[in-house]
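I open the notebook with the sequence and the coordinates side by side, and I set down what I looked up in the order in which I looked.

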Amino acid sequence: MTNTVLATTAMILSIVVTATAGDILTASAMRQVGDLDVIRQRSGIAGAAAAVVTNGRFGLGVICLALSFFSLLFAFSHRDLSLIGPAATSLTFVTNALAAKFFLRENVDHRRWTAAIFVCIGVALLAF
Amino acid sequence: MTFRRYLVLAVITLTASCGDTFLSRGMKSLGPVSLAHPGQLIHAIFSPWVAAGIVLLIGFFASYLTALSWADLTYVLPASSLGYVIMTLLAKFWLGERVSPMRWLGVAFITAGVGFVTRGPSYTDHSTVTTHEVRREELEPAEEVRQ
């Protein structure tokens with residue numbers, strides 16, 4: 001592997017790992033918080049915002065998503081949008097589906113797996 | 001799923017795709033960032049295109065969190081993936097990138113994937129899930145159980 005390929009792989013992997021951790025942590029936080037529409041009706045927008053930002057998992061998730069954001073900015077400054085965007089996103093789809101099944105215990109049925117695979121193939125094709 | 005919730009998914013789709021395109025436009029105009037000078041990334045935040053992209057991504061994040069409070073992650077991500085189609089169109093018509101037939105095939109796959117997931121249940125209700133009810137959830141939307 002050339003240094004260019006290694007560097008591109010490292011950029012994409014750093015986006016995928018931090019984005020997956022961020023997505024799983026924020027999704028887990030929102031599951032703990034509950035339906036925001038219901039909370040907003042009960043406590044107003046300030047109450048709903050407070051319920052979210054005081055959640056510990058949400059804080060960790062935001063840190064991971066911030067790292068993912070800066071990894072993305074770094075990658076965009078070196079490579080094309082049409083390479084980094086599809087590659088990072090399609091891999092994140094698969095890692096998110098696996099992590100959601102094992103960590104969030106979501107009911108990832110055949111319909112969702114099919115959707116994830118279709119979107120993954122589709123996003124990967126966007127790179128050509 | 002109500003009309004308002006589909007609207008939230010539409011906002012996620014539009015803000016994510018436009019936000020990423022703005023970031024790409026901004027970072028291209030600034031040039032490559034060196035690992036030896038990571039402070040350039042902080043400087044980039046204050047450039048107009050990147051700043052506008054961040055504003056859109058804040059809107060994306062707020063609507064994304066709202067969606068995650070009533071739907072599964074494995075529902076929200078594919079359901080909002082039409083954003084990659086919009087991103088491709090923006091890359092072609094605004095940034096001037098070439099869009100090959102393979103990319104259009106990719107757009108067709110994504111659209112099919114979105115169709116699959118949005119026809120199914122949006123939420124796994126852990127408080128009531130049993131083996132029997134998991135089978136029932138496959139037949140009827142979980143949000144009806146919640147409401």
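I began with contacts along chain B: among those between residues at least 6 apart in sequence, 68% join residues at least 24 apart. I note at once that this is a predicted model, and I read every value below with that in mind. For chain A I looked up the corresponding share, and residues 24 or more positions apart account for 78% of the contacts with a separation of 6 or more.

**Entry: the two chains**

I listed the elements of chain B and found eight helices and zero strands, which run α-α-α-α-α-α-α-α along the sequence. Of its 147 residues, 44% count as buried. Chain A has five helices, again with zero strands, and from the N terminus on its elements read α-α-α-α-α. In chain A, 48% of the 128 residues count as buried, and the C-alpha trace spans about 55 × 35 × 20 Å along its principal axes.

**Entry: where the chains meet**

I then looked up the interface, where 44 residues of chain B are in contact with 44 residues of chain A. On the chain B side, the elements that give two or more residues are α1 (3-30), α2 (39-45), α3 (48-68), α4 (73-79), α5 (82-93), α6 (101-118) and α7 (131-139). The largest share of that side, 11 residues, comes from α6(B). By residue class, the side of chain B that touches chain A divides into 26 nonpolar, 12 polar and six charged residues.

**Entry: the nonpolar core**

Which residues touch the most other members of the largest nonpolar core? I found Ala67(B), Leu68(B) and Ile110(B), out of 75 residues in that core. The largest share of this core, 11 residues, is given by helix α1 (residues 3-33) of chain A. I followed one of the three further: leaving out residues up to four places away in sequence, Ala67(B) touches Val8(B), Leu9(B), Ile12(B) and Val76(B).

**Entry: α1(B) against α5(B)**

I looked at this helix pair in some detail. The axes of α1(B) and α5(B) come within 8 Å and cross at roughly 35°, and the crossing is right-handed. From α1(B) the contact takes Thr13(B), Leu14(B), Ala16(B), Ser17(B), Asp20(B) and Thr21(B), and from α5(B) it takes Leu82(B), Gly83(B), Ile86(B), Met87(B), Leu90(B) and Ala91(B). These residues divide into seven nonpolar, four polar and one charged.

I checked the length of α5(B) as well: at 1.5 Å a residue its 12 residues should span 16 Å, and its end C-alpha atoms are 17 Å apart, which agrees. The buried residues of α5(B) are Leu82(B), Gly83(B), Tyr84(B), Val85(B), Met87(B), Thr88(B) and Ala91(B).

Apart from its neighbours within four places in sequence, Thr21(B) is in contact with Met87(B), Leu90(B), Ala91(B) and Trp94(B). I also looked up Gly53(B), 32 residues from Thr21(B) along the chain, and the C-alpha atoms of the two are separated by 7.5 Å.

**Entry: places in chain A**

The buried residues I noted in α3(A) include Phe58(A), Gly61(A), Leu72(A), Phe74(A) and Phe76(A).

Ala46(A) lies in helix α2 (residues 36-53) of chain A, and because Ala46(A) has 9 C-beta neighbours inside 10 Å, it counts as exposed. His110(A) is 64 residues from Ala46(A) along the chain, and their C-alpha atoms are separated by 39 Å.

Most residues other than glycine have a negative phi. Arg105(A), although not a glycine, has a positive phi of about 55°. With 12 other C-beta atoms within 10 Å, Arg105(A) is exposed.

Definitions and conventions:
Residues numbered from 1 in each chain as written. Chains lettered and ligands numbered in written order. Predicted model: local features only at pLDDT ≥ 70, side-chain atom pairs only at ≥ 80, totals over all residues. Contact = placed C-beta atoms within 7 Å. Helix = DSSP H or I, 4+ residues; strand = E, 2+ residues; numbered from the N terminus. Nonpolar A, V, L, I, M, F, W, Y, C, P; charged D, E, K, R; others polar. Core = buried A, V, L, I, M, F, W, Y, C linked by C-beta atoms within 7 Å. Buried ≥ 20, exposed ≤ 12 C-beta atoms within 10 Å, placed from the backbone. Axes fitted to C-alpha atoms, helices over the stretch in contact; angles between N-to-C directions. Left-handed = near helix turned anticlockwise from the far one by under 90°. Expected span 1.5 Å × (residues − 1).
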